[in-house]
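Before reading the points below, take a moment to look over the sequence and the 3D structure together.

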Amino acid sequence: MESKELISSYDEINDTFVAKVCGKDGYCANYELSQGIFLNVDGNSLPSSIQINGASDVLNVSKDLLEDPDVCILIKCNGDMIDFELSISSKKVYANTFFITFDVSKFNYKIRTN
């Protein structure tokens with residue numbers, strides 16, 4: 001599993017959570033994994049960021065928790081499916097497996113804030 005540094009932000013007014021891999025600028029493609037959860041990938045089809053619209057509802061957590069800076073994302077792709085897990089303040093708040101129909105590189109990342 002490859003470790004990456006994460007920059008996360010939460011916009012309480014728009015209820016949007018964004019987790020960006022440090023050092024990645026922008027993205028080449030945006031894929032909806034599930035209603036409200038988007039994976040942005042770079043030119044090598046590797047994750048550059050995750051965006052969750054309506055985050056408090058999608059994740060079923062308080063807006064206060066989403067403002068916590070202690071965030072960890074485990075994300076793995078085997079080519080057919082993506083396993084995604086989000087923890088905030090050492091509490092697992094979301095986990096799901098998504099079957100994919102788009103072309104993404106195989107990867108296994110642990111992305112966390114420092």
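A cavity, as the word is used here, is a set of grid points where a 1.4 Å probe fits but cannot get out. By this rule, one cavity of 30 Å³ or more is counted, and it should be kept in mind throughout that the model is predicted.

**Confidence in the model**

- The protein has an average pLDDT of 90, and 99% of the residues score at least 70.
- Confidence is lowest in strand β1, which covers residues 2-11 and has a mean of 85, whereas it is highest in helix α1, residues 55-59, at 96.

**The largest cavity**

- The space inside the largest cavity comes to about 30 Å³.
- Its lining is made up of Leu-6, Ala-19, Val-21, Pro-47, Ser-48, Ser-49, Ile-50, Ile-73 and Ile-111.
- Strands β2 (16-21) and β5 (47-53) each contribute at least two residues to this lining, and the largest share, four residues, comes from β5.

**Ser-48, a polar residue in the lining**

- Ser-48, which is one of the residues lining the largest cavity, has its place in strand β5.
- Because buried means under 20% relative accessible area, Ser-48, with a value of 1%, counts as buried.
- Leaving out residues up to four places away in sequence, Ser-48 touches several residues, among them Ala-19 and Val-21, both of which also line the largest cavity.

**The nonpolar core and Ile-73**

- The largest nonpolar core contains 35 residues, and those with the most contacts inside it are Phe-17, Ile-73, Ile-75 and Leu-86.
- Ile-73 also belongs to the lining of the largest cavity, and, with neighbours within four places in sequence set aside, its contacts include Leu-6, Ala-19, Ile-50, Leu-86 and Ile-111.

**Val-93 in strand β8**

- Val-93 lies in strand β8, which spans residues 91-99.
- Val-93 has a relative accessible area of 13% and is therefore buried, since the cut-off for that word is under 20%.
- Not counting residues up to four places away in sequence, Val-93 touches Leu-59, Val-61, Leu-65, Leu-86, Ser-87 and Ile-88.
- From C-alpha to C-alpha, Val-93 and Ala-19 are 14 Å apart in space, while in sequence they are 74 residues apart.

Methods
Residues numbered from 1 in each chain as written. Predicted model: local features only at pLDDT ≥ 70, side-chain atom pairs only at ≥ 80, totals over all residues. Heavy atoms only, no water. pLDDT = per-residue confidence, 0-100. 1 Å grid on protein atoms, 1.4 Å probe; cavity = no way out; pocket = protein on both sides within 12 Å on 5 of 7 lines; lining within 4 Å. Points joined across faces, edges and corners; volume = space filled by probe spheres on them. Core = buried A, V, L, I, M, F, W, Y, C linked by side-chain atoms within 4.5 Å. Buried < 20%, exposed > 50% of the residue type's maximum accessible area, 1.4 Å probe, protein only. Contact = heavy atoms within 4.5 Å.
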